[in-house]
Amino acid sequence: MAINIDKTICVGCGACLKACPYDAIDMIGRKAIMNANCVHCGSCVDSCKFKAITSTASDAPKADLAEWKGILVFAETRDGAPAKVALELLGRGRGLADERKVPLYAALLGHQVEPLAQTLIAHGADVVLTVDDPQLAEFRTAPFCRALTGVIREIKPEIVLIGATVIGRDLAPRTANRLRTGLTADCTELAIEAASGLLLQTRPAFGGNVMATIICPNHRPQMSTVRPGVMKPLAADPNRKGEVKPVKIGLKDADLKVIVRETIRSAAKHVDLAEAQVIVAGGRGVGGAQQFGVVRDLAALLGGEIGASRAAVESGWIGHDHQVGQTGKSVSPKLYIALGISGAIQHLAGISGADFVVAVNRDPLAPIMKAADVAIVGDLHQVAPLLAAEIRRHRKEASA
Amino acid sequence: MNIIVTVKQVPDTNDVRIDPTTGTLIREGVPSIVNPEDRHAVELALELREAAGGGRVTVISMGPPQAEVALREVLAMGADEAILLSDRAFAGADTLATASALSYAIKKIGNFDLIICGRQAIDGDTAQVGPQLAEFLQIPQVTYVLTARFSYGGLLIERQTDSGTQRLTAPLPALLTCLKETNVPRIPTLPGCIGAYREKTFTVWSAKDIAAPAEQIGLKGSPTQVRRTFTPAPKGEGRILTGEPAATVRQTLDILLEKGLI
């Protein structure tokens with residue numbers, strides 16, 4: 001897409017300046033002029049009442065795009081089992097594959113991993129492509145890139161989905177470049193555009209302050225990394241039938257130059273926000289490290305994990321492994337209780353997978369209040385302890 | 001030891017606010033800064049240059065002419081030379097086209113042992129340019145680097161993983177992307193700041209200067225396109241409870257019990 005401003009039509013009203021999220025339009029001599037910040041997002045096109053701004057679609061798709069069929073999920077493994085995000089991607093991939101009426105493939109790379117194939121089939125895969133090599137026992141970029149690229153070239157899928165984990169964010173860009181195709185990072189929504197059949201890849205952009213929908217019209221496969229914790233896995237169906245196909249990939253000496261000397265698992269208690277069913281999170285409104293006690297109490301009472309906003313983490317009140325949102329983690333609990341969190345878009349994007357949100361904030365206009373299922377206007381230091389007391393009282397009555 | 005560091009000038013996205021009524025970005029007063037993790041990348045390069053007992057640290061950026069400010073800032077930290085890729089032909093680049101332009105520039109620089117990038121930029125958060133650049137240059141990559149030092153003619157690296165850390169060795173040349181935890185970037189000294197403007201070499205290269213084919217850079221070299229940007233719609237349908245805490249808490253508890261959430 002290229003953006004053109006017709007200077008003969010432009011009246012210099014400035015509406016496009018306000019619409020542009022990237023500060024890419026200057027007003028020079030009462031005419032709107034595009035500057036180098038433009039990312040061709042098209043936000044200005046609709047803003048112009050005088051139709052002075054037009055966008056032209058880029059080159060028509062190449063004819064061979066139709067050869068690419070099917071959805072491929074990279075099945076990352078962790079401790080000898082499929083990573084949770086792999087099952088989440090199979091869940092979403094199944095929906096996309098059904099919509100496109102194409103098969104859902106899983107790429108399972110590793111050493112002696114074939115027993116995991118049935119788990120992938122039970123979660124929605126039609127065909128599991130396995131690459132088995134002792135050099136793939138532990139993740140390293142180059143051999144995994146060689147293997148994944150080989151699988152992709154073998155089956156030619158129209159879409160490739162990879163979890164946006166440390167492994168996925170290392171592997172995906174290298175692989176996408178080797179295939180000279182597009183890659184969209186950290187997607188939180190995936191959909192098929194009805195008219196074109198294109199994958200609509202939606203992600204937080206501009207530091208999470210806006211959402212952007214990205215397409216990859218003229219290259220295949222369309223590749224996305226997808227944030228863990230956003231998509232929902234299907235319930236496992238052990239009777240589901242699928243096919244397991246080994247793929248032979250010849251690794252090269254050049255792939256083996258980086259050598260893993262030691263792998264150290266973090267000794268600290270693992271804060272598992274992505275897996276948590278209940279999260280109680282605190283933000284700037286909590287007021288201090290000591291005051292975080294109210295958040296901890298309620299979390300402990302509900303058997304949940306403790307979350308935090310970026311503001312609370314950056315104030316040093318709680319460790320960064322508790323952070324929910326853009327640079328932290330996406331979560332998908334059944335219940336999310338936000339205490340004194342205003343709800344910056346990156347935070348709201350991080351909790352978009354939560355089933356039920358309760359927010360407590362003194363400001364009824366805070367963005368979190370609109371995102372919440374129940375928004376309590378009030379001081380969290382009064383409300384949270386009271387809620388804890390009421391829950392205790394209720395439990396006592398229920399057990400009596 | 002010749003080290004190239006990629007640097008991006010970014011808006012300080014922490015300062016961006018949304019207009020609650022129009023739902024659009026409020027950009028006024030949002031300063032441009034050196035991408036935070038890139039400052040750690042520069043620091044790591046300076047430390048490795050010192051450990052090697054010599055060499056050059058070249059910083060490179062792609063962006064509009066005003067990105068010069070960001071490059072001068074890292075020159076003031078102690079980098080030796082700066083190159084800015086600035087040309088309308090680079091505009092509209094996605095991560096692949098950005099990495100492509102950088103790769104042509106780095107091939108023109110020629111002699112390098114190591115490339116260091118920040119893990120990701122705060123305006124895009126993609127973390128893709130580093131690995132894509134490594135692939136264009138056909139050199140090994142190590143991402144999410146915590147520490148790196150010379151060892152046996154290569155690098156001994158500690159990197160973060162999803163479940164802990166990993167120690168590995170990599171040959172040179174290689175490309176690293178580093179995290180904030182890597183180091184504490186030095187503050188430019190006053191002589192450093194003056195030198196950054198008076199003594200250090202600062203060069204602007206166009207697409208022609210780096211002999212980058214038009215179809216491999218900018219909008220034309222970008223497989224991905226932005227279809228639309230929007231501020232997410234509020235979920236709506238929520239219940240707002242006001243009044244005495246005792247009453248609002250009681251109502252909340254009833255809702256949570258009814259939904260079977262506690």
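Predicted model: local features only at pLDDT ≥ 70, side-chain atom pairs only at ≥ 80, totals over all residues.
Residues are numbered from 1 along each chain as its sequence is written, while chains are lettered from A and ligands numbered from 1 in the order in which they are written.

**View 1. Where chain A meets chain B.** Here 84 residues of chain A are in contact with 73 of chain B (contact: C-beta atoms, placed from the backbone, within 7 Å). Helix α6 (residues 166-178) of chain A supplies the largest share of chain A's side, eight residues. Helices (H or I, at least four residues) and strands (E, at least two) are DSSP runs, numbered from the N terminus. By class, chain A's side splits into 47 nonpolar, 22 polar and 15 charged residues (Ala, Val, Leu, Ile, Met, Phe, Trp, Tyr, Cys and Pro are nonpolar, Asp, Glu, Lys and Arg charged, and the others, Gly among them, polar).

View 2. Strand β17 (residues 259-265) of chain A runs antiparallel to strand β11 (residues 164-170) of chain B, with six bridges between them. Pairing takes at least two DSSP bridges.

View 3. A:Thr181 sits in the loop between α6 and β11 (183-187) of chain A. A:Thr181 counts as buried because 21 other C-beta atoms lie within 10 Å (20 or more is buried, 12 or fewer exposed, in between partly exposed, with C-beta atoms placed from the backbone). Beyond its neighbours within four places in sequence, its contacts include A:Cys216, A:His219 and B:Pro223. A:Met223 is 42 residues away along the chain, yet the two C-alpha atoms are 7.7 Å apart. As for β11(A), five of its five residues are buried, so the rest of the structure largely encloses it. β11(A) pairs in the parallel sense with strand β15 (residues 222-226) of chain A over three bridges, and A:Leu183 stands opposite A:Met223.

**View 4. Two helices crossing between chains.** Helix α11 (residues 380-399) of chain A packs on helix α6 (residues 245-258) of chain B at about 50°, axes 9 Å apart (axes are lines fitted to C-alpha atoms, for helices over the stretch in contact, and angles run from 0 to 180 degrees between N-to-C directions). Among the residues making the contact are A:Leu386 and A:Ile391 of α11(A), and B:Val249 and B:Leu253 of α6(B). Sorted by class, this contact has eight nonpolar, four polar and two charged residues.

Conventions. Contact = placed C-beta atoms within 7 Å.
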